[in-house]
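Here is a short briefing to read alongside the coordinates.

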Amino acid sequence: VFFSSGVLVGRWWNPTAKMVDGFIGKWELEHTDNFDNYLVKLGVGMALRNLAKLASPTTTISKDGDFITLATDSKMKSTKIRFKLGEEFDETTADNRNTKTTMRMDKGKMIQTQRWDGKETTLDRELKDEKLILTCTMGDVVCTRIYRRSKC
């Protein structure tokens, strides 16, 4: 018998599966810092950057067995990814990059790594003071987006 904060999955104990539970729900964007510079670093053109800055996305995170779904909706565009932690998958991002993406849990953070054309960015999600903090990093550019849990 194992004693941990994990959950039993099949015949194996999976402590990271339980860590995901706090992220489950609907999240609304509240504040953004350095988003435009991050988009420039990604290579996003000015017209799309201007639209992206006007969008006020809602992110919904859900879990079904071993699969996690992360859906982002805005007036500009909606995206949805479905994945298993630690397994690489193909992702088409909101700015139309085709990436090889991996999601994992580390020290309470949900870490998303996107790779394409020899480039890499990470999107770290963590829970702090009842907020979901999304930290987007590419090279020396760091963007922070703060979400509040939706009451709907």
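A network of salt bridges links E28, E30, K131 and R148. This is a predicted model, and eleven salt bridges are found in it. Side chains of opposite charge can pair when their charged atoms come close.

- R148 sits in strand β12 (residues 141-149) and E30 in strand β3, so their pairing ties together parts that are 118 residues apart in sequence.
- R148 is partly exposed, at a relative accessible area of 34%, and E30 is partly exposed as well, at 38%.

**The pair D21 and K63**
- D21 and K63 form a salt bridge whose closest N and O atoms are 2.6 Å apart.
- Because D21 belongs to the loop between α1 (15-20) and β3 (25-33) while K63 belongs to strand β4 (residues 58-64), the pair ties together parts that are 42 residues apart in sequence.
- D21 has a relative accessibility of 28%, which falls between the 20% limit for buried and the 50% limit for exposed, so D21 counts as partly exposed.
- K63 is likewise partly exposed, with a relative accessible area of 32%.

**The pair R104 and D106**
- R104 forms a salt bridge with D106, and here the closest N and O atoms are 3.6 Å apart.
- R104 is partly exposed at 38% relative accessible area, and D106 is partly exposed at 32%.

**S74 in its loop**
- You will find S74 in the loop between β5 (67-73) and β6 (78-84).
- A polar atom of the S74 side chain lies 3.2 Å from the backbone nitrogen of M76.
- A polar atom of that S74 side chain also lies 3.1 Å from the backbone oxygen of K77.
- Leaving aside residues up to four places away in sequence, S74 touches A55 and P57.

**Helices α2 and α3**
- Two packed helices are described by the angle between their axes and the distance between the axes.
- For helix α2 (residues 35-42) and helix α3 (residues 46-54), the axes come within 10 Å and cross at roughly 145°.
- The crossing of α2 past α3 is right-handed.
- On the α2 side the contact involves F35, D36, L39 and V40, which meet R49, A52 and K53 of α3.
- Sorted by class, this contact of α2 with α3 has four nonpolar and three charged residues, and no polar ones.

Note on methods
Residues numbered from 1 in each chain as written. Predicted model: local features only at pLDDT ≥ 70, side-chain atom pairs only at ≥ 80, totals over all residues. Heavy atoms only, no water. Axes fitted to C-alpha atoms, helices over the stretch in contact; angles between N-to-C directions. Helix = DSSP H or I, 4+ residues; strand = E, 2+ residues; numbered from the N terminus. Left-handed = near helix turned anticlockwise from the far one by under 90°. Contact = heavy atoms within 4.5 Å. Nonpolar A, V, L, I, M, F, W, Y, C, P; charged D, E, K, R; others polar. Polar contact = N/O pair within 3.5 Å; in protein donor to acceptor, adjacent residues only side chain to side chain. Salt bridge = Lys/Arg side-chain N within 4 Å of Asp/Glu carboxyl O. Buried < 20%, exposed > 50% of the residue type's maximum accessible area, 1.4 Å probe, protein only.
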